[in-house]
Amino acid sequence: MYVAVKGGETAIENAHAWLAEERRGATDIDELSIVQIREQLGLAVNRVMAEGSLYDPDLAALAIKQSRGDLIEAIFLIRAYRTTLPRFGYSNPVKTDEMACDRRISATFKDAPGGQVLGPTFDYTHRLLDFKLAAEGEVPAAPTAQPRTEATPHITEFLKGEDIIQDEPASDTTPGDLTREPMELPSNRPLRLQSLTRGDEGFVLGMAYSTQRGYARNHAFVGELRIGKVAVEMDIPELGFAIDIGEIELTECETVNQFKGSKTEPPQFTRGYGLVFGQSERKSIAMALVDRALRWEELGEDNLGAPAQDEEFVLSHADNIQATGFLEHIKLPHYVDFQSELELVRKLRREAEERITPKEAAE
Amino acid sequence: MTDQTYNSKATRQDWMGLLARAPESALMPLWDKYEVRPNFEWLRSPEVGGVMVRGRTGGTGARFNIGEMTVTRCSLVLQDGTVGHGYVQGRSKSKAQAAALIDALMQTSAAGAVHDQVIAPLEGQIQSARTDRASKAAATKVEFFTMVRGEDT
């Protein structure tokens with residue numbers, strides 16, 4: 001039962017005013033601009049776009065500023081904003097094999113055509129705090145070399161020739177859309193991938209880590225990881241043909257997993273897939289591992305009862321906005337609920353005391 | 001390129017795609033420099049919306065939804081009846097309007113001038129930014145060499 005209690009308006013207004021002041025911080029320090037956040041905190045921006053499920057770096061940067069750097073709060077703001085946008089349509093599937101790769105590595109094929117391109121990675125840094133960044137200074141220009149002009153094919157293409165890796169035959173079936181109809185279980189792989197790509201990075205990472213530690217073991221290699229820009233193309237009805245409507249940065253991870261074969265499939269390598277907005281490498285690898293673990297039924301593997309194999313468990317808990325909404329609502333006033341609980345406990349206590357007291361009197 | 005005809009589908013696809021992808025900060029200075037502003041009427045005034053971006057499982061398989069991106073679109077008609085459409089990434093209504101006007105002008109006798117003063121330099125800027133990233137990526141390509149070890153010589 002809800003009973004409206006008035007009286008908080010002034011307190012709320014004042015709290016919001018103080019929040020704005022705290023957000024600004026000390027006024028003798030320069031205020032952060034949206035473009036500074038967009039350009040210099042790019043990976044936070046990427047995370048907000050991926051989990052907010054809306055690719056717009058400027059909006060994500062604004063959300064980060066508004067939320068004082070609380071990324072889940074920022075994601076919440078983006079999710080709320082995107083519900084106000086009219087839906088113009090659905091793009092054609094992005095052609096990740098035509099990606100302009102900033103980074104492209106394979107843990108399985110040293111000499112893959114196109115090579116191992118490290119890109120702007122934290123890997124191989126010593127993870128020592130760099131106090132030079134505490135001082136302002138010019139950054140030296142990154143070295144350059146003769147750029148590649150040819151396309152960089154997917155590495156799994158090379159294994160396909162040998163028929164030793166599970167195929168991903170093209171299908172143009174219209175996938176379900178979580179933003180249009182709620183998830184129904186059992187789900188399917190396209191819906192799982194949509195759920196995972198917008199899922200909480202920490203949750204998806206934890207789930208993926210659990211598969212590596214032995215819960216539904218499916219030993220994964222990173223067959224390929226690529227980061228770069230792809231064009232987004234959409235059919236425009238009033239034109240009668242498709243045009244590029246923009247260009248987005250994506251991180252794609254394809255894992256190659258051992259597979260002993262099943263009743264229906266010969267021994268071969270199987271695949272897990274991760275595709276995430278922005279440079280989001282950890283999330284993309286984690287997504288691929290969880291995708292692979294959730295495919296146990298389709299591949300005829302045993303259900304080992306592992307959390308990462310449990311579609312309902314993974315998909316129902318991956319969304320940090322649903323999770324935080326339910327979690328944080330318990331801090332809102334529950335005075336009436338609690339009053340009834342209090343009455344109940346007092347009553348039980350009285351009854352218990354009454355039961356004990358006569359017994360003592362008899363002794 | 002000035003004497004080329006610009007009415008083929010492929011070419012219109014190219015310039016519309018270029019205008020959609022181009023950062024507003026690159027397009028608008030070129031468009032401002034062009035100066036000519038034909039009269040037009042809105043068929044659809046600029047509106048901001050979302051497009052759901054799709055991928056394929058494993059890069060080649062079944063379609064799935066990744067997430068949305070912001071897009072601004074508008075349509076207009078010039079006095080001679082030429083219709084221009086703007087479909088651009090982001091939320092800038094002025095960029096969408098510029099794109100629609102450029103799309104319309106590229107179908108008229110002004111095509112050569114618009115191409116030379118807006119489309120070609122914009123293409124050049126975008127290509128150069130792309131080459132710049134590709135050059136930095138190329139410099140981080142690993143060049144393996146094998147160390148000889150063990151008894152075999």
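Nine is the number to start from: across the interface of chain B and chain A there are 9 salt bridges, a salt bridge being a side-chain nitrogen of Lys or Arg within 4 Å of a carboxyl oxygen of Asp or Glu. In one salt bridge, the side chain of R56(B) meets that of D172(A), at 2.8 Å from N to O.

The table lists the elements of chain B that give two or more residues to the side touching chain A. Helices (H or I, at least four residues) and strands (E, at least two) are DSSP runs, numbered from the N terminus.

| Element of chain B | Residues |
|---|---|
| Helix 1 | 9-21 |
| Strand 1 | 40-56 |
| Strand 2 | 63-78 |
| Strand 3 | 83-89 |
| Helix 4 | 111-139 |

Strand 1 of chain B gives the most to this side, with 11 residues.

In terms of contact (heavy atoms within 4.5 Å), 52 residues of chain B touch 74 residues of chain A. The two chains bury about 5,700 Å² between them, 61% of it on carbon and sulfur atoms; buried area is the accessible area (1.4 Å probe) that two parts lose on being put together, summed over both. R54(B), R63(B) and E68(B) supply 13% of the area that chain B buries against chain A, more than any other three residues.

Within chain A, helix 7 (residues 189-197) is mostly covered, with 9 of its 9 residues buried. Buried means under 20% relative accessible area, exposed over 50%, partly exposed in between (1.4 Å probe, protein chains only). N188(A) caps the N-terminal end of helix 7 of chain A, with a side-chain oxygen 3.1 Å from the backbone nitrogen of L191(A).

An automatic or database domain assignment divides chain A into domain 1 (11-82), domain 2 (96-119 + 150-168 + 182-324) and domain 3 (333-363). The C-alpha centres of domain 1 and domain 3 of chain A lie 49 Å apart.

There are 0 disulfides over all chains, a disulfide being a pair of cysteine sulfur atoms within 2.5 Å. The sulfur of C101(A) is too far for a bond, because the closest cysteine sulfur, in C253(A), is 13 Å away. C101(A) is buried at 16% relative accessibility, and C74(B) is buried at 0%.

Residues are numbered from 1 along each chain as its sequence is written, and chains are lettered from A and ligands numbered from 1 in the order in which they are written. In this predicted model local features need pLDDT of at least 70, side-chain atom pairs count only at pLDDT 80 or more, and totals for chains, interfaces and linings use all residues, while side-chain values use heavy atoms, with hydrogens and water left out.

Key: Polar contact = N/O pair within 3.5 Å; in protein donor to acceptor, adjacent residues only side chain to side chain.
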